[in-house]
Amino acid sequence: MIVEETFYRPPELSREPRTLPAETYNLAHLLLKRAATGCLFVPLRGMQFLAVLDAEEFIFVDREGRRMIELAWQHFAPQARRALDEPVSYEAVYYSPAGAEVMRRAQGEFHKALREVEQKTVLHTPARVIKLASGSH
């Protein structure tokens, strides 16, 4: 089932550079690649927020009926890291006065929520092992 949602972006209040742990960034993009629509909805149950991920940014909205973006994570720079286990820099953009409080809780809650989505994700294609030809070296 395809769900279409509309979110509204109020004027930006501030922004700051941040880093996202590699494990969280990598899991978010793995799940995003598996999403048929190119967008992923991740409920942060402990915060009553919804994270909406696409290839460009992650937005956070209050799940209590509001459609206003309170926080966005933008300008991810995975190419700047030297290894896949290094954190990824990005910009946190605040759209509400509560944005800093949301940010304080979001990074930890977001990872837990991604794990919950991962556990519920059903892969539709079976994995297979590819045998490599052994050569004499």
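Tutor: The structure holds 10 salt bridges. A salt bridge is a side-chain nitrogen of Lys or Arg within 4 Å of a carboxyl oxygen of Asp or Glu. This is a predicted model: local features need pLDDT of at least 70, side-chain atom pairs count only at pLDDT 80 or more, and totals for chains, interfaces and linings use all residues. Residues are numbered from 1 along each chain as its sequence is written, and side-chain values use heavy atoms, with hydrogens and water left out.

Start with the network. E12, R15 and E91 are linked by salt bridges. Between E12 and R15, the closest N and O atoms are 2.8 Å apart. Between R15 and E91, they are 2.3 Å apart. This second pair links distant parts of the chain: R15 is in strand β1, E91 is in strand β6 (residues 88-94), and 76 residues separate them. Strands (E, at least two residues) are DSSP runs, numbered from the N terminus.

How open are these residues? E12 has 39% relative accessibility, so E12 counts as partly exposed. The cut-offs are these: buried is under 20% relative accessible area, exposed is over 50%, and partly exposed is in between (1.4 Å probe, protein chains only). R15, at 34%, is partly exposed. E91 is partly exposed too, at 27%.

Now another bridge. R67 and E5 meet through their side chains, 3.2 Å from N to O. R67 lies in the loop between β4 (57-62) and β5, while E5 lies in the segment before β1 (14-20), 62 residues apart. R67 is partly exposed at 33%. E5 is partly exposed, with a relative accessible area of 33%.

Definitions and conventions:
Helix = DSSP H or I, 4+ residues; strand = E, 2+ residues; numbered from the N terminus.
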